[in-house]
Amino acid sequence: MKIFRFRGGIHPEGNKDPTACHPIARLPLPKRLYIPLQQHIGEPAAPEVKVGDHVLKGQRLARHQGSVSAPVHAPTSGTVIAIGDHMAPHPSGLPVQTITLEPDGEERWVETEPAVDPFSLTRAEVAARVRDAGIVGLGGAAFPAAVKLDAGNRHPIDTLIINGGECEPYLTCDDRLMREGAGYVVEGVRLIANGLGAKRTVIAIEDNKPEALEAMRVAAAAHPGISVLRVPSRYPMGSEKQLVTTVTGREIPAGKLSAEIGVSVHNVGTALAVCRAVRFGKPLVSRVVTVGGGAIRNPRNVVVPIGTPAADLVEFCGGFTVTPTRVLMGGPMMGQVLPGLEAPVVKGTSGIIALTAAEAHAASERACLHCGRCVDVCPVGLVPLELAARVRAGRIDDAAELGMGDCLSCGCCAYVCPAHLPLAHLFNYAKGEIAARREAQRKAEETRKLAEARRLRLAAEAAAKAARRPARTTEKAETES
Amino acid sequence: MTTWTPNRSPVAAPHVHGRANVPQVMRTVLLALLPATATGVWLFGWPALNTVLLAIAGCVAAEAAALAIGRRPVGHTLADGSAVVTGLILALCLPPWAPWWLALLGGVFAIVVGKQVFGGLGQNVLNPAMLARVALLVSFPLEMTAWVAPQPLFSAASPGLVEGLAITFGGGPLPDAVSSATALAPLKLGGDFAAGEALLALALGTVPGSLGETSALALLAGGALLVARRIVPWQIPAALLGTLAVLAALFNQIDPAHYPGPLLHLLGGSAMMCAFFIATDPVGAPVTPLGRAIFGAGIGALIYVIRTWGGYPEGVAFAVLLMNAATPLIDRLVRPRRYGRLRTGAPLPLAPKEDGR
């Protein structure tokens, strides 16, 4: 199968070996679980339980609301001891609405939907089961998976791409998942393909994971519609746009969805969750997390209940050998700093990475040399140094003109910059500013429309009044006479 | 268990970084200039070493003073090494036995007028070393064209350490016996164009000329290192030397008696130095591959034009400065196509012609 090359990209040090070589371990049940109601892109879920309720494993704790949302389920059986604010796994450290669960240690499952032949289900039934299971994209973006399956019903999908790229350094959870659960992953892939009506399915895996490639090839061998594709290890291969280009040679037009060019992309972890949900009726209540980084004593992959505090994971992996400079949720290229170890694992948490100062290669900022390395590596084709100069000068509109909105925040530019400019940091700020301005503009426009409508209404009322007044005077005259 | 106190400053990703940094880039450039510098000092003796040290001293002192006056961190900024690189490049362009004040003045001019008035490293429009070279050339044409014939270090004719200091700091005119014409002189004066043995001399550098520019081979060795380490983009030297060679070959075909062939143009004068070390200064060069190719080709063409029809025997400094000035325009016109968009910036049309693929 032909592979197409995307523009730019980098080859960061992988640092995957320390975790990739160990089988996935199971975390003992934590003392407390903190389950945020917002773990996905879109509307937060609405709680359905109250403090003091005893819940069973897999029982729904909060239902989805709005078109883009996902429900949340109990990761184990136990008692709800609080519903309130807890630290979110977000750099701000701001609290989010969180259900605190005290496990009873029995792991008793709620009665799940009966197992069926999943291939007898209609597309709508598959999408409904995926939605009810609370499945979101497990690659990190946490976009509700059912919404993507629905999009497939609106746009014909010819190619389903399963993202086994895992191009972020340190992360190996997808790698281990493919090695240890290839059969389930392939079944999930077939269910998604079925749900989308995709003509062909490509499982794309970076060539730095030969064992996973082999395991998936064996598991997919019996299914002629599925091909396992070895793609080069180049960050950001796992980014949707870049992966679509690599596999199909097509680009997703700016502002469009991949579904609109007939392609849908799902992560391998998502495929496994779909298999569990559709075949066994089990909701998404746990996931595999890579606990790694130079500061972790025994780095490895661990399967953990959603809501487990990061501190439990770190402790299970032997704690820190040295004080880390940063502890991240997600990979080092696009992950976010953890505000504290009390923050819980959520559905989109692919890793807890504790970096030492030596690994980060941090250095103080210097003057931009205009060397253009950022231009060479930008997978979008932006000119980061020009954007940065404008953002720094507060010229956000000029930056938008130069394509700021197209930036993926992949961080390639900042990674290679010899002057150590905080390019991705500046761009995140600028993109936030552009979004805020667009929102302000939309509000102003809305206000203007309302004011205009009110003016028209008042004018119409006044006209009607004026039209009635002579009539009334005539009436008056008539009665008086 | 070692504990961790969260750092609440909201640092955005990426949290790891490549190994490249500015001081390391500058160190690699210095390393790449070593063969040419060593060859220059070997060929032209102790006075050449004095010139190198004085030009670097002028640059570093001027940079330190300018930073102190501007109340900017002196030590941190000096440590980027850019002032040393500018000083060395300037020295390699000077006559090897330049008087002390020429090298020192050039260094100060390069940093103060060429770089710091614009705001320091990365802000200057024009190449500082070339600006200084041009300023010295138009101000002191006699001193700037006082070429000496090579007299390798420790050979009988080579001045000793003390004698070298006398040449550098003595200030007297050069003895006629050692002054000589450069390899490019025949371009203007007519006469025999280099052939065979002469070309070999140009490659090795055993000809009169600027301190570090005579040995094409030494420069090529350093340049190859820079290209291999990806410190400089290959497009600039390739386009520059290619354009120069093509133009030379073309006119040589038309009239061999008036126009020398490509080898003289490539090996003689400052072409090699320019292609790998001067034109590739990123500060004044475009940032896209196509932009760099246009930039390099422009310099190559200008070098040929100035050498062939201009008033100066060598046109490298003028060519680089002119193309430096064109860089903002090139960067504005040549931008990469953005993902999912046409070159115009409009989104790609939906439903592309699948049959075409």
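**Entry 1: the model.** I noted at the start that this is a predicted model. I kept that in mind for every entry below.

**Entry 2: chain A as a whole.** I began with the overall extent. Along the principal axes, the C-alpha atoms of chain A fill a box of roughly 105 × 65 × 50 Å. I then looked up the secondary structure and found 14 helices and 17 strands in chain A. Next came burial. Chain A has 481 residues, and 54% of them are buried. I also checked how far apart in sequence the contacting residues of chain A lie. Taking contacts between residues at least 6 apart, 74% join residues at least 24 apart.

**Entry 3: two domains.** I looked up the domain assignment of chain A. Domain 1 covers 17-287, and domain 2 covers 366-481. Their C-alpha centres are 34 Å apart. How many residues of domain 1 of chain A are in contact with domain 2 of chain A? I found five, and they meet five residues of domain 2. I sorted the domain 1 side by class. It has three nonpolar and two polar residues, and no charged ones.

**Entry 4: a parallel sheet.** I turned to an open sheet of four strands in chain A. The order is S11-S10-S9-S12, and the pairing is parallel. Which strands stand at the edges? They are S11 (226-231) and S12 (263-267) of chain A. Each has a single partner strand, so one side of each has no neighbour in the sheet.

**Entry 5: one strand pair.** I picked S9 of chain A, residues 159-164. S9(A) pairs with S12(A) in the parallel sense, over five bridges. I followed A:Leu160 across to S12(A), where its bridge partner is A:Ser264.

**Entry 6: a helix on the sheet.** I then looked at helix H5 of chain A, residues 210-220. What does H5(A) lie across? I found S9, S10 (200-206) and S11 of chain A. Helix H5(A) runs at about 165° to S11(A).

**Entry 7: chain B against chain A.** Last, I looked up the contacts between the chains. On the chain B side, 41 residues take part, and they touch 66 residues of chain A. I sorted the chain B side by class. It has 23 nonpolar, ten polar and eight charged residues.

Methods: Residues are numbered from 1 along each chain as its sequence is written. Chains are lettered from A and ligands numbered from 1 in the order in which they are written. This is a predicted model: local features need pLDDT of at least 70, side-chain atom pairs count only at pLDDT 80 or more; totals for chains, interfaces and linings use all residues. Domain bounds come from an automatic or database domain assignment. Two residues are in contact if their C-beta atoms, placed from the backbone, lie within 7 Å. Ala, Val, Leu, Ile, Met, Phe, Trp, Tyr, Cys and Pro count as nonpolar, Asp, Glu, Lys and Arg as charged, and the others, Gly among them, as polar. Helices (H or I, at least four residues) and strands (E, at least two) are DSSP runs, numbered from the N terminus. A residue is buried if 20 or more other C-beta atoms lie within 10 Å of its own, exposed if 12 or fewer, and partly exposed in between; C-beta atoms are placed from the backbone. Two strands pair if DSSP finds at least two bridges between them. Axes are lines fitted to C-alpha atoms, for helices over the stretch in contact, and angles run from 0 to 180 degrees between N-to-C directions.
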